Amino acid sequence: MTEMLPLTARQSWKALQVHRNDIGERHLRTLFAADATRGERLTAEAAGIYLDYSKNRVTDETVSLLCRLAEECGLRERIDAMFRGDKINVTENRAVLHVALRAPRGTSIVVDSKDVVPEVHAVLDAMTDFANRVRSGAWKGHTGKRIRNVINIGIGGSDLGPVMAYEALRHYSDRAMTFRFVSNVDGTDLAEATRDLDPAETLFITSSKTFTTLETMTNAESARRWLLAGLGGDAKAVAKHFVAVSTNAQKVSEFGIDTANMFGFWDWVGGRYSMDSAIGLSTMLAIGPENFRALLDGFHQMDEHFRTAPFERNLPVLLGLLTIWYTDFFGAETVAILPYEQYLKRFPAYLQQLTMESNGKHVTRNGIDVGYPTAPIYWGEPGTNGQHSFYQLIHQGTRLIPCDFIAFAHPLNPLGRHHDVLMANVFAQTEALAFGKTREQVKAEGTPDSLAPHRVFLGNRPSNTILADRLTPETLGKLVALYEHSVFTQGAIWDIDSFDQWGVELGKVLAQRIIPELESRTEPALAHDSSTNALIRRYRTRKEPGR
């Protein structure tokens with residue numbers, strides 16, 4: 001096992017610091033001018049995904065040093081431990097096995113002396129049977145009408161994955177059905193999702209492992225009341241219009257859901273890694289079991305690439321190492337995710353949870369303050385929309401913002417010259433970011449001296465370009481796994497636990513204390529800080545009738 005020195009004490013880390021000083025502000029113009037083959041050479045390809053990382057502020061030595069850092073930090077051992085089913089989530093003593101969710105039938109992955117793959121496929125088979133019945137109309141609602149509307153109720157990973165996948169794969173969805181997603185405990189979310197629907201044709205998927213999640217169960221109870229109000233109040237209707245993704249059979253049954261329609265998952269699946277588990281039931285209902293299996297196959301192809309490929313040709317490892325490079329050696333604080341595909345409009349939001357909930361940690365796995373930056377902020381928007389919004393900051397602002405451009409050779413909706421125009425913008429933006437426009441070039445265009453500084457583009461702004469053939473279920477699986485394993489790479493090098501999320505707990509605990517104080521009919525005794533006490537009192541006063 002690799003000796004666990006502190007990260008900043010490792011020889012490769014120190015070498016990277018020296019290299020960073022040596023490479024300094026060396027411009028991408030210079031790097032490309034010195035190497036005519038750079039644009040073809042600094043690339044990697046696997047499973048139909050092509051990565052061009054040549055427009056990064058790196059040399060062959062940079063990549064070599066970063067790969068050596070990964071080796072010194074035991075990345076290979078950590079990868080093997082995850083795929084073996086070791087309990088690498090150390091603070092919760094759990095295995096981390098989202099890779100088992102897409103393991104082919106017949107594979108063996110053992111956790112606590114039990115092969116989990118047969119269980120995974122048993123749930124997938126149950127999901128398939130249910131999806132086929134709903135999609136064919138064999139499943140009938142309480143009044144005998146077929147289901148035409150599906151509302152997924154969840155939050156966090158029980159919402160962000162399903163809603164991203166639905167939007168990403170809408171091209172493949174059953175257009176005779178309506179799919180909506182409710183997560184926010186703000187009543188507007190549920191009210192708008194249900195306002196124009198017929199309860200007799202509506203199915204709710206309630207996703208909560210414990211069936212006690214505050215936001216999810218608040219929304220589910222209100223959805224139950226809406227359903228019963230529209231169907232004459234017969235409690236038996238619940239079993240025909242609600243199914244559960246949960247492990248708490250007692251709570252599910254008490255709600256009125258038939259436990260035969262409860263789809264389980266496991267504590268070795270984190271919420272943000274669960275979109276290809278039963279949490280993806282809404283996805284399977286939308287695109288069908290065959291397409292869902294293709295999605296899983298895409299995940300598995302990238303899993304195998306990550307597990308076996310040398311680091312210098314390993315797409316997730318390269319992405320992760322580049323993030324380490326900019327975060328820890330250049331002080332970059334954000335990464336922009338820029339998909340040039342309208343169907344991926346929710347992909348940046350999905351990656352926000354995946355990356356920041358995973359690696360937003362300030363202590364190592366042993367509980368020691370890290371002493372170096374972790375987890376940049378991920379954000380973005382699709383396509384040319386962002387060009388007329390925040391690209392100004394990326395091009396001419398004072399912050400270094402590495403960018404991932406994601407694009408496809410073939411559109412799903414061919415329309416005249418649209419796709420050529422779209423792709424021209426992808427290539428133009430990465431070129432402009434890398435090379436910019438010098439003052440001399442600006443002056444040569446006849447720009448007045450007073451305006452010249454405003455029209456200079458410094459360039460040297462790094463970007464990756466990720467290309468695939470077309471957006472299919474299989475391709476989406478590959479893209480999500482690409483970023484999952486990039487996150488894993490970063491966490492392994494930072495020596496943090498990427499698979500717990502204690503940071504979400506404190507606010508939830510305090511909210512449970514405050515709720516009865518807001519709802520109390522008598523003046524509650526408050527023991528918060530002066531600001532929180534004053535805000536609670538002000539809210540209670542303002543919510544009184546007539547105010």
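Reply: A search of the whole structure finds 0 disulfides, a disulfide being a pair of cysteine sulfur atoms within 2.5 Å. This is a predicted model, in which local features need pLDDT of at least 70 and side-chain atom pairs count only at pLDDT 80 or more, while totals for chains, interfaces and linings use all residues. Residues are numbered from 1 along each chain as its sequence is written, and side-chain values use heavy atoms, without hydrogens and water.

Me: Why is the sulfur of C67 too far for a bond?

Reply: The closest cysteine sulfur, in C73, is 12 Å away.

Me: What makes C67 count as buried?

Reply: Buried means under 20% relative accessible area, exposed over 50%, and partly exposed in between (1.4 Å probe, protein chains only). C67 has 6% relative accessibility, so C67 is buried. C73 is buried because its relative accessible area is 4%.

Me: How do you know which side of α8 the buried residues are on?

Reply: In helix α8 (residues 187-194), L190, A193 and T194 are buried. They cover an arc of only 85° around the axis, so they lie on the same side of α8. The arc is taken from the directions from the helix axis to the C-beta atoms. Helices (H or I, at least four residues) and strands (E, at least two) are DSSP runs, numbered from the N terminus.

Me: What do the buried residues of α8 pack against?

Reply: They pack against β5 (149-153), β6 (178-182), β7 (202-207) and α9 (214-230), where contact means heavy atoms within 4.5 Å.
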